[in-house]
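Please look over the sequence and the model below. A brief report on selected features follows.

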Amino acid sequence: MPIVVNLDVMMARRHKGAGELAEEIGITPANLSILKNNKAKAVRFSTLEALCKALDCQPGDILEFTEEENP
């Protein structure tokens, strides 16, 4: 998938645990795990906004576009 979610990197930089962050932004730990492990097919802007506020970052710090390699 050409969009990479770097949520785990930002969480580590901000010293935030998954449970703490999930509670702070109002989603379940399971849904946060789906985002963190790059398994999500979509993300709501409201969730992205909450993540950015909680982690004091920009959307580009969490989401990254990469060229997909052709096998």
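At 65% relative accessibility, glutamate 67 counts as exposed (over 50% relative accessible area is exposed, under 20% buried, and in between partly exposed, with a 1.4 Å probe and protein chains only). Glutamate 67 lies in the segment after strand S2 (63–65). From isoleucine 34 it is separated by 33 residues in sequence and by 22 Å in space, C-alpha to C-alpha.

This is a predicted model, in which local features need pLDDT of at least 70 and side-chain atom pairs count only at pLDDT 80 or more, while totals for chains, interfaces and linings use all residues. Residues are numbered from 1 along each chain as its sequence is written, and side-chain values use heavy atoms, with hydrogens and water left out.

**Helix H4**

Helices (H or I, at least four residues) and strands (E, at least two) are DSSP runs, numbered from the N terminus. In H4, the buried residues are Thr47, Leu48, Ala50, Leu51, Cys52, Ala54 and Leu55. Their cover includes helix H1 (7–13), H2, helix H3 (29–36), helix H5 (59–62) and S2. Aspartate 56 follows H4 and has a positive phi, near 50°.

**Packing of H2 on H4**

Two packed helices are described by the angle between their axes and the distance between the axes. Helix H2 (residues 18–25) packs with helix H4 (residues 45–55) at about 120°, and their axes are 9 Å apart. H2 is therefore oblique to H4 (under 35 degrees is roughly parallel, over 145 roughly antiparallel, 65 to 115 roughly perpendicular, the rest oblique). Axes are lines fitted to C-alpha atoms, for helices over the stretch in contact; angles run from 0 to 180 degrees between N-to-C directions. The crossing of H2 and H4 is right-handed (the near helix is turned clockwise from the far one by less than a right angle). Leu21, Glu24 and Ile25 of H2 meet Ala50, Leu51, Ala54 and Leu55 of H4, where contact means heavy atoms within 4.5 Å. The residues of this contact divide into six nonpolar, no polar and one charged.

**Cysteines**

How many disulfides does the rule give? The count is zero, a disulfide being a pair of cysteine sulfur atoms within 2.5 Å. The sulfur of cysteine 52 has its closest cysteine sulfur in cysteine 57, at 4.3 Å, too far for a bond. Both cysteines are buried.

| Cysteine | Relative accessible area | Closest cysteine sulfur |
|---|---|---|
| Cysteine 52 | 11% | cysteine 57, 4.3 Å |
| Cysteine 57 | 9% | cysteine 52, 4.3 Å |

Note on methods:
Nonpolar A, V, L, I, M, F, W, Y, C, P; charged D, E, K, R; others polar.
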